[in-house]
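Here's a quick briefing to read alongside the model. Have the fold open as you go.

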Amino acid sequence: YWHDVDTRIEAEHYIQMSNVSLVASTDVDGNLSVGYTGAGSQLSYQVEVPTTTEYELVLRTAGEQTTSVAIYIDGNALSNISIPSSGGWTKWQNVTQRLNIPKGKHILTLAINSGSCDFNWLQLNNLFPSDLTELAIPMGTNKFISNGIPQIYVNEKIYTVQGSTVQ
């Protein structure tokens with residue numbers, strides 16, 4: 001089953017895993033969580049990405065220590081994320097990381113380098129949907145047109161309304 005972007009993927013819906021166990025979740029949804037992780041633990045998910053752009057990966061985690069996680073797409077290292085302690089195994093938090101992912105069907109793998117945490121769910125959010133019909137410009141940003149193409153300046157990067165970074 002290929003998971004779409006902008007939809008929640010329950011952590012237990014992996015296609016492959018190593019060195020993890022399923023546990024009853026203490027999070028508000030009451031589903032299962034993936035726990036007993038540690039260095040060497042891996043979780044892989046099938047995701048279908050509609051367009052090449054920047055996405056926000058949201059991880060729902062709980063744990064008592066900082067955890068270092070490597071993120072892979074189709075076996076290629078994409079990014080690393082440091083998941084801070086949430087203050088306990090029953091205190092859940094959302095941790096985010098921005099990722100540039102190409103269009104297509106991919107295997108997204110989370111590999112723990114150090115530390116340990118539980119995962120309840122993850123979600124890839126499209127930061128620049130291709131079906132954008134209205135554009136909300138956050139306060140403190142600038143909108144301008146270059147060569148007839150509307151562009152947005154946000155946090156020292158310039159994007160077209162389709163979500164591509166302008167060089």
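Beyond its neighbours within four places in sequence, Thr 61 is in contact (heavy atoms within 4.5 Å) with Ile 83, Ser 86, Lys 91, Trp 92, Gln 93, Val 95, Cys 117, Asp 118 and Phe 119. This is a predicted model, so local features need pLDDT of at least 70 and side-chain atom pairs count only at pLDDT 80 or more, while totals for chains, interfaces and linings use all residues. Residues are numbered from 1 along each chain as its sequence is written, and side-chain values use heavy atoms, with hydrogens and water left out.

- Thr 61 belongs to strand E7, residues 53-63 (strands are DSSP runs of at least two residues, numbered from the N terminus).
- Thr 61 is buried at 0% relative accessible area (buried means under 20%, with a 1.4 Å probe and protein chains only).
- Asp 118 sits in strand E12, residues 118-126, and is buried too, at 11%.
- Asp 118 and Ser 33 are 85 residues apart in sequence, yet 6.6 Å apart C-alpha to C-alpha.

**Strand E6 and its partners**
- In E6 (residues 42-49), six of the eight residues are buried.
- E1 (residues 3-4) runs parallel to E6, with two bridges (pairing takes at least two DSSP bridges); Asp 4 partners Glu 48.
- E3 (residues 16-18) is antiparallel to E6 over three bridges, with Gln 16 opposite Ser 44.
- E11 (residues 104-114) is antiparallel to E6 over eight bridges, and Gln 42 partners Ala 111.

Terms used:
Helix = DSSP H or I, 4+ residues; strand = E, 2+ residues; numbered from the N terminus. Buried < 20%, exposed > 50% of the residue type's maximum accessible area, 1.4 Å probe, protein only.
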